[in-house]
Amino acid sequence: MNNIEIERKYNVVGNDWRDITPTDIQQITQGFLHHAGDVVVRVRLISKDFKTIDHAYCTTKIRDSKEFCVELENEVDIATGFKLLSKCNGYVNRKIRTTITLDGVDWEIDQYEDYDRCSVDVEVAQESDFDKLQFPSFIGTRYDGLSNFQLARVNASGLPGEWWK
């Protein structure tokens, strides 16, 4: 299994993406247990029906470079997920993730609760794969802000109003 994550974040432009049939929709409640330097430990509770929790994960992300991240994700039982989330000291947020698959590429659109804009993530296996991507019309400018490392740091006091620019 490849634990190296190569991911890019983009602003979402318009609402054209809403006309595309999603391959997955889930509600994610996530909290940050630890964030220091290039290391983040995150817990996520995943709901497919927006009522019951289907899965819980504890993930450690270690930034290897500006572009690469080592990700170690482990599923935990749901009770443990709730216990871990309770230890996040306010570093918790909720989002709706809509996955749209176009030409074999998964585009993950995150709508954060209480914020009126969306971001989209795309992850590829190799750096050179980004050069081959066909960007759909709803993809705006790339931004480097609000990686898990930055999100963990600002989440306790709320996201600044213009974090997506």
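What follows walks through aromatic pairs and then salt bridges.

The model is predicted. It holds two aromatic pairs. Tyr 10 and Phe 135 make one of them, edge-to-face, with 5.4 Å between centres and 65 degrees between planes. Tyr 10 sits in strand S1, whereas Phe 135 sits in the loop between strand S8 and strand S9, so this pair joins parts that are 125 residues apart in sequence. Tyr 10 is buried, at 8% relative accessible area. Phe 135 is partly exposed, at 40%. Ring pairs also bring in Trp 107, giving a cluster of Tyr 10, Trp 107 and Phe 135.

Now the charges. Side chains of opposite charge can pair when their charged atoms come close. The structure has seven salt bridges. One of them links Glu 73 and Arg 42, with the closest N and O atoms 3.8 Å apart. Glu 73 belongs to strand S5 and Arg 42 to strand S3, so the bridge ties together parts that are 31 residues apart in sequence. Arg 42 is buried at 3% relative accessibility. Glu 73 is partly exposed at 39%.

Turn to Arg 97, which is buried at 7% relative accessibility. Arg 97 meets Glu 108 in a salt bridge of 3.6 Å, N to O. Glu 108 lies in strand S7 and Arg 97 in strand S6, so parts eleven residues apart in sequence are tied together. Glu 108 is partly exposed, at 24%. Arg 97 also forms a salt bridge with Asp 110, at 2.8 Å between the closest N and O atoms. Asp 110 and Arg 97 are both buried. Salt bridges link Lys 95, Arg 97, Glu 108 and Asp 110 into a network.

Conventions: Residues are numbered from 1 along each chain as its sequence is written. This is a predicted model: local features need pLDDT of at least 70, side-chain atom pairs count only at pLDDT 80 or more; totals for chains, interfaces and linings use all residues. Side-chain values use heavy atoms; hydrogens and water are left out. Rings of Phe, Tyr and Trp (its six-membered ring) pair if their centres lie within 6.5 Å; planes under 30 degrees apart count as stacked, over 60 as edge-to-face and the rest as tilted. Helices (H or I, at least four residues) and strands (E, at least two) are DSSP runs, numbered from the N terminus. Buried means under 20% relative accessible area, exposed over 50%, partly exposed in between (1.4 Å probe, protein chains only). A salt bridge is a side-chain nitrogen of Lys or Arg within 4 Å of a carboxyl oxygen of Asp or Glu.
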